[in-house]
Amino acid sequence: MKKFIVFGLAVALVAIIAVGAWIRTTDRVSSLAGGAVITGGNSERPGVGWGQNQTAVTDWQTVKGTVTSVDSATLVIKTDAGEFIVENRPWSFALEQKFSAQIGDQIQVTGFSSNGYFQVAKLVNATNGKTIVLRDEYGRPGWSGRGRNGGG
């Protein structure tokens with residue numbers, strides 16, 4: 001009987017952790033109109049493989065706000081809709097391209113939604129004049145290289 005109780009408690013604990021993780025993930029990956037937006041999702045291109053004919057992204061969105069935190073891992077921007085976070089590969093690529101921001105800087109972020117993630121395509125720091133393009137008009141990330149058919 002003790003084994004069944006211990007097993008039941010273990011299953012309940014795992015279920016609680018899984019549900020908590022799911023709730024936290026869905027809360028962090030909300031729409032631009034809703035609150036926090038996390039960038040740097042794994043989806044690189046909505047519905048089109050790189051070897052197929054590509055069409056330009058048409059649903060561009062722009063968000064403006066003020067930098068509240070910045071370090072080598074994240075850029076946090078306060079917007080009217082909530083907190084906007086640029087992180088993972090888009091942020092590291094921006095830093096590699098010498099983009100810079102400080103707390104209090106006015107930032108404009110342009111991108112598009114793809115599979116539940118906001119894909120950052122362009123960052124503009126209105127305070128210091130720095131601009132970095134992270135993705136082309138097709139949504140292809142600049143850090144992915146030119147591909148097999150792109151030449152040199």
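Mentor: Before we start, a residue is called buried under 20% relative accessible area, exposed over 50% and partly exposed in between, using a 1.4 Å probe and protein chains only.

Trainee: Okay, so is Trp91 buried or exposed?

Mentor: Trp91 is buried, at 1% relative accessibility. Keep in mind that this is a predicted model, where local features need pLDDT of at least 70, side-chain atom pairs count only at pLDDT 80 or more, and totals for chains, interfaces and linings use all residues. Residues are numbered from 1 along each chain as its sequence is written, and side-chain values use heavy atoms, leaving out hydrogens and water.

Trainee: How many aromatic pairs turn up in the whole structure?

Mentor: Four. Rings of Phe, Tyr and Trp (its six-membered ring) pair if their centres lie within 6.5 Å; planes under 30 degrees apart are stacked, over 60 edge-to-face, and the rest tilted. One of them joins Trp60 and Phe112: the centres are 5.5 Å apart and the planes sit at 90°, so that pair is edge-to-face.

Trainee: Where do Trp60 and Phe112 lie?

Mentor: Trp60 is in the loop between strand S1 (37–38) and strand S2 (61–70), and Phe112 is in strand S5 (residues 106–114), so the pair ties together parts 52 residues apart in sequence. Phe112 is buried at 2%, while Trp60 is partly exposed at 34%.

Trainee: Switching topic: how many helices and strands does the chain have?

Mentor: Two helices and seven strands. Those are DSSP runs numbered from the N terminus: helices are H or I with at least four residues, strands are E with at least two. Along the sequence the pattern reads α-β-β-β-β-α-β-β-β.
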